[in-house]
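Here are a few exercises to work through with the model open on your screen. Try each one before reading its solution.

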Amino acid sequence: MELYEELVQRGLIAQVTNEEEIKNKINKGEATFYIGFDPTADSLHVGHFMALCLMKRLQMAGNKPIALIGGGTAMIGDPSGRTDMRQMMTVETINENVECFKKQMARFIDFSDDKALLVNNADWLMDLNYLEVLRDIGSYFSVNRMLAAECYKQRLEKGLSFLEFNYMIMQSYDFLKLYDNYNCVLQFGGDDQWSNMIGGMELIRRKRGAEANAMTINLLLNSEGKKMGKTQSGAVWLDPNKTPPYNFYQYWRNVDDADVIKCLKMLTFLPLDEIAKMEDWEGSQLNEAKDILAYELTKLVHGEDEANKAREASKALFSGNGSNENMPKKELSNEDFGENGTIDILGLLVATELAPSRSEARRNVQQGGVSVNGEKITDIHTNYGPEAFEEEFILKKGKKKFCKVSIN
């Protein structure tokens, strides 16, 4: 099976402009393509994961990726799929985020020996002359067509700022610059970027008389049609300091049964025939498939060693067959103890980040969802002094959240 056909089988491809041309280029390993990433946070997250995996798959087949970091477009903010305007960031914050992105991308893409390029659109967007943009670029865009674009629809309902209205023009200009500088004729990305990609293709056609193409991949949605990659506490990050490897592992270990096979196909590099054997699995076998999914993705993002530790920690809690050594850990400081030298169960849940607030912690205890060393805690006034943490102290909330607590 050739690469394009495999991407179809994995359920990755959403829309393409010229299927035969794109198929021919990537199957032969002749494509120079780009995907853009706006540095709106100090870490990539699961929402970027699909694009990174696509770049890796294509590079493994001999194609050349260009990772475009949007140091310039992040100054505006992508309105796609949003009902409100993004918070404005300073140049300093954007530059810090850019450096974080660069380090994380290197885990997926091989930038050595000109096998891939990493570029920042701030290098050309920040120095643009406004009048020149209006005359040389703006004249090629129809306001009527822009307003009909899917990426603006939700923002139009609440009020689209002129700042955001320019985003499509900036992204289209990116495509033109990459075509001019690197002969890049393919842009790939999430399905919510389709309108912006078409804008870039049209700009290249009208300005340079050349053909460019675009392909979008399906967004990672669960069986209910909601975006995957978020928890009650926020996004699932690829940075281990923001989402520890164990938490990352557990997120995938606990996906809904209906989403397991889809995630294995779209996100892992396991052979399709191997995944096909799991499609009829039920019960304990389905749990094994979830474990395979969690392990493969944690290994891909955090490395084999961290994946092994996360798996061992999960076994230790849920089956008693693993090592407690790899459990998530939280160290308390003297400041966590009150004037009487103790910390109550509610404060402990908050301090270990198992509960976001004391009120939520109170509900957890009252509903019987909290235990210490396997013993259910039902009294919200339960207190612990420093001596309680001298030996093993395992705090658990619900069936899936736990940590080993100690004092530093």
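Buried means under 20% relative accessible area, exposed means over 50%, and partly exposed is in between. Keep in mind that this is a predicted model.

**Exercise 1.** Describe how helices α10 and α11 pack.

Solution. Two packed helices are described by the angle between their axes and the distance between the axes. So let's get both. α10 covers residues 167-182 and α11 covers residues 194-208; their axes come within 8 Å and cross at roughly 50 degrees. The two helices are therefore oblique to each other. As for handedness, α10 passes α11 in a right-handed crossing.

Now list who touches whom. The α10 side includes Tyr167, Met168, Phe175, Leu176 and Tyr179, and the α11 side includes Met197, Met201, Leu203 and Ile204. Sorted by class, the contact has ten nonpolar, six polar and three charged residues.

**Exercise 2.** Two non-glycine residues, Asp113 and Asn183, have positive phi. Locate each one and decide how open to solvent its spot is.

Solution. Take Asp113 first. Its phi is near 50 degrees, and it is in the loop between α4 (91-105) and β4 (117-120). With 69% relative accessibility, Asp113 counts as exposed.

Then Asn183, with a phi of about 55 degrees. You'll find Asn183 in the loop between α10 and β5 (186-190). Its relative accessible area is 52%, so Asn183 is exposed too.

**Exercise 3.** Check how many of the nine residues in helix α12 are buried, and name them.

Solution. α12 runs over residues 245-253 and is mostly covered, with eight of its nine residues buried. Going along the helix, the buried ones are Pro245, Tyr246, Phe248, Tyr249, Gln250, Tyr251, Trp252 and Arg253.

How values were computed. Residues are numbered from 1 along each chain as its sequence is written. This is a predicted model: local features need pLDDT of at least 70, side-chain atom pairs count only at pLDDT 80 or more; totals for chains, interfaces and linings use all residues. Side-chain values use heavy atoms; hydrogens and water are left out. Axes are lines fitted to C-alpha atoms, for helices over the stretch in contact, and angles run from 0 to 180 degrees between N-to-C directions. Helices (H or I, at least four residues) and strands (E, at least two) are DSSP runs, numbered from the N terminus. Angles under 35 degrees count as roughly parallel, over 145 as roughly antiparallel, 65 to 115 as roughly perpendicular and the rest as oblique. A crossing is left-handed if the near helix is turned anticlockwise from the far one by less than a right angle, and right-handed if clockwise. Contact means heavy atoms within 4.5 Å. Ala, Val, Leu, Ile, Met, Phe, Trp, Tyr, Cys and Pro count as nonpolar, Asp, Glu, Lys and Arg as charged, and the others, Gly among them, as polar. Buried means under 20% relative accessible area, exposed over 50%, partly exposed in between (1.4 Å probe, protein chains only).
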